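I opened this model to look up its strands and a few backbone angles. My notes follow in the order I took them.

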Amino acid sequence: MSIEISGLNGTCSNDGDAKVVGLITNKDSAPLRNVTVEVTLFDGDTLVGVSEDYIDNIPPGARRAFEVTEWDCWMSRFEVQVYGE
């Protein structure tokens, strides 16, 4: 699976609601199927949440946006993993 993650941005509101957005580009010549973006949220080194966005399919060369929101989940950093076939 050859992908590119771009436009990655994570924010926390004053209420402590975490939001992570970005774009996944399929750099492969074959379609990606059953694509899931998993975002792991941390406050320092402490794990505070894991959330997913199911994207379904991404044709070759196409790009899809993702957004993950966790309510009442203050974060200071995050990690993004992409899974698919």
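Predicted model: local features only at pLDDT ≥ 70, side-chain atom pairs only at ≥ 80, totals over all residues.

Residues are numbered from 1 along each chain as its sequence is written, and side-chain values use heavy atoms, with hydrogens and water left out.

Entry on the sheet. I took strands as DSSP runs of E of at least two residues, numbered from the N terminus, and two strands as paired if DSSP finds at least two bridges between them. I found an open sheet of three strands, ordered S4-S3-S6, with antiparallel pairing. Strand S4 (46-58) and strand S6 (77-83) are at the edges with a single partner strand each, so one side of each has no neighbour in the sheet. From one strand to the next the twist averages 15°, with axes as lines fitted to C-alpha atoms and angles from 0 to 180 degrees between N-to-C directions.

Entry on one pair. Strand S3 (residues 32-43) and S4 run antiparallel and are joined by 10 bridges. I looked up Phe42 and found Leu47 in S4 as its bridge partner.

Entry on phi. Most residues other than glycine have a negative phi. Asn34, not a glycine, has a positive phi of about 55°. I located Asn34 in strand S3; at 35% relative accessibility, Asn34 is partly exposed. Asp72, also not a glycine, has a positive phi of about 50°. I placed Asp72 in the loop between strand S5 (63-70) and S6. Asp72 has 67% relative accessibility, so I noted Asp72 as exposed.

Key
Helix = DSSP H or I, 4+ residues; strand = E, 2+ residues; numbered from the N terminus. Buried < 20%, exposed > 50% of the residue type's maximum accessible area, 1.4 Å probe, protein only.
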